[in-house]
Amino acid sequence: MGQYWTITCLDTHESTGCLRELGEALYSSIPESIEELIIPSKFALMPLPIKPFDEPKILSPLEMLPQETIERILLFIPRSAAVFCFALTCHRFLEIGRQAIAVCKKQYIAPWAGKRIICVGNCVEGYPENVLTEKEKTIMSYKSLYEYAAGFKYPTLLNGRSINNILKSVNHDHYYVSRRMQLQNWLPTSCPVSTGEAKAVLLNITTNEYVRQSKLLPEHGIRFGHIIMLYASWTSDPSAATHCEEEIHWRPWAGHRFEIIFIDSVNQDATDVSDIIVPRIKSIMNQSRGIEE
């Protein structure tokens, strides 16, 4: 019989929640969502115009405060939408505000990149070697790894929050709409790696190994997310409801650190394991769908 699974990031205390049987999750939106969590972005700030819009010549008491004080105030603004509104008030705050929004935005881009990820079943006993901290090992003495992950929150990207939601939450008054559109053009722009590009690779930072996008088999529906789900899995029960002969418990990449980057950014001493891993993933995917090889 099958078992329930969850994909979790041990460093951020985030989890996808219960995925029911892994065989079902493989053909859901989960693999793509996992990829979004590990694709880093580089941010660029366009230079601001000298006078983006007319402003009163008389400064308010808030505008006359020192730069350090303004930045300190921003630390106490709880919501990104409020920071956005703050940035719309004057030209000086526009630069301060958009820098703060850039910091906020980065927190929601690739929150799992370079952090420990494991796909764990609810029948798990024990844990992978050289993965957990001493504190986590102590917790494992009275609860399983699956029970531990069950208390984690949902990752931000899977929870639907993005910079677009921040933009939409700003006052829709015509005066603010005009400024909002201007500020949106001056916000940091990110250039994430596209998983569809041939130069993209899934890098296992822990082992210094990688899988090439160009080696994946799109006709079989294989993505980087499938590799993480099937190669970073960990449970004591080999049953995974994938209807395949190959056991996918206690896999070698469980708890390792990953990111999706361009091949040009990979260290020269890294090992290409595409020809080893992709055929195995293909075999599991085909067997789970009842396709004979």
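User: Buried means under 20% relative accessible area, exposed means over 50%, and partly exposed lies in between. In which of these classes does Pro40 count?

Analyst: The model is a predicted one, and in it Pro40 has its place in the loop between helix 2 (30-36) and strand 3 (43-44). Its relative accessibility is 27%, and since buried means under 20% and exposed over 50%, a value in between gives the class. Pro40 therefore counts as partly exposed.

User: Which percentage of the contacts in the protein chain with a separation of 6 or more comes from residues 24 or more positions apart?

Analyst: The chain has 293 residues, of which 47% are buried, and its secondary structure comes to 11 helices and 10 strands. When the contacts with a separation of 6 or more are considered, the part that joins residues 24 or more positions apart amounts to 75%.

User: What kind of aromatic pair do Tyr231 and Trp253 form?

Analyst: A pair of aromatic rings is described by the distance of the centres and the angle of the planes. The structure holds three aromatic pairs, and in the one formed by Tyr231 and Trp253 the centres are 5.3 Å apart, with 80° between the planes. Planes over 60 degrees apart count as edge-to-face, so the pair of Tyr231 and Trp253 is edge-to-face.

User: How many residues apart in sequence are the parts that the pair of Tyr231 and Trp253 ties together?

Analyst: Tyr231 lies in helix 10 (residues 224-231), whereas Trp253 lies in the loop between strand 8 (233-234) and strand 9 (256-262).

User: What are the planes of Trp253 and Phe258 to each other, stacked, tilted or edge-to-face?

Analyst: Phe258 is buried, at 0% relative accessibility, and ring pairs link Tyr231, Trp253 and Phe258 into a cluster. The ring centres of Trp253 and Phe258 are 5.7 Å apart, and their planes stand at 50°. Planes under 30 degrees apart would count as stacked and over 60 as edge-to-face, so the pair of Trp253 and Phe258 is tilted.

User: Is helix 10 largely enclosed by the rest of the structure or largely open, and how many of its residues are buried?

Analyst: The buried residues of helix 10 include Phe224, His226, Met229 and Tyr231. The helix is largely enclosed by the rest of the structure, because the number of its eight residues that are buried is eight.

User: Over the face of which residue does Lys199 lie?

Analyst: A charge is counted as sitting over a ring if, among other conditions, NZ of Lys is within 6 Å of the ring centre. Lys199 lies at 4.9 Å from the centre of a ring, and the residue that carries this ring is Phe262.

User: How many residues apart are Asp11 and Arg257, whose side chains meet in a salt bridge?

Analyst: Side chains of opposite charge can pair when their charged atoms come close. Here the N to O distance is 3.2 Å, and Asp11 is partly exposed at 34%, as is Arg257 at 31%.

User: By about how much of a helix are Glu134 and Lys137 separated?

Analyst: The side chains of Glu134 and Lys137 meet in a salt bridge of 3.5 Å, N to O, and Glu134 is exposed at 58%, whereas Lys137 is partly exposed at 29%. Because the two residues are three apart in helix 6 (residues 134-139), their separation is about one helical turn.

Conventions
Residues numbered from 1 in each chain as written. Predicted model: local features only at pLDDT ≥ 70, side-chain atom pairs only at ≥ 80, totals over all residues. Heavy atoms only, no water. Phe/Tyr/Trp six-rings, centres within 6.5 Å; stacked < 30°, edge-to-face > 60°. Helix = DSSP H or I, 4+ residues; strand = E, 2+ residues; numbered from the N terminus. Buried < 20%, exposed > 50% of the residue type's maximum accessible area, 1.4 Å probe, protein only. Lys NZ or Arg CZ within 6 Å of the ring centre and 35° of its normal. Contact = heavy atoms within 4.5 Å. Salt bridge = Lys/Arg side-chain N within 4 Å of Asp/Glu carboxyl O.
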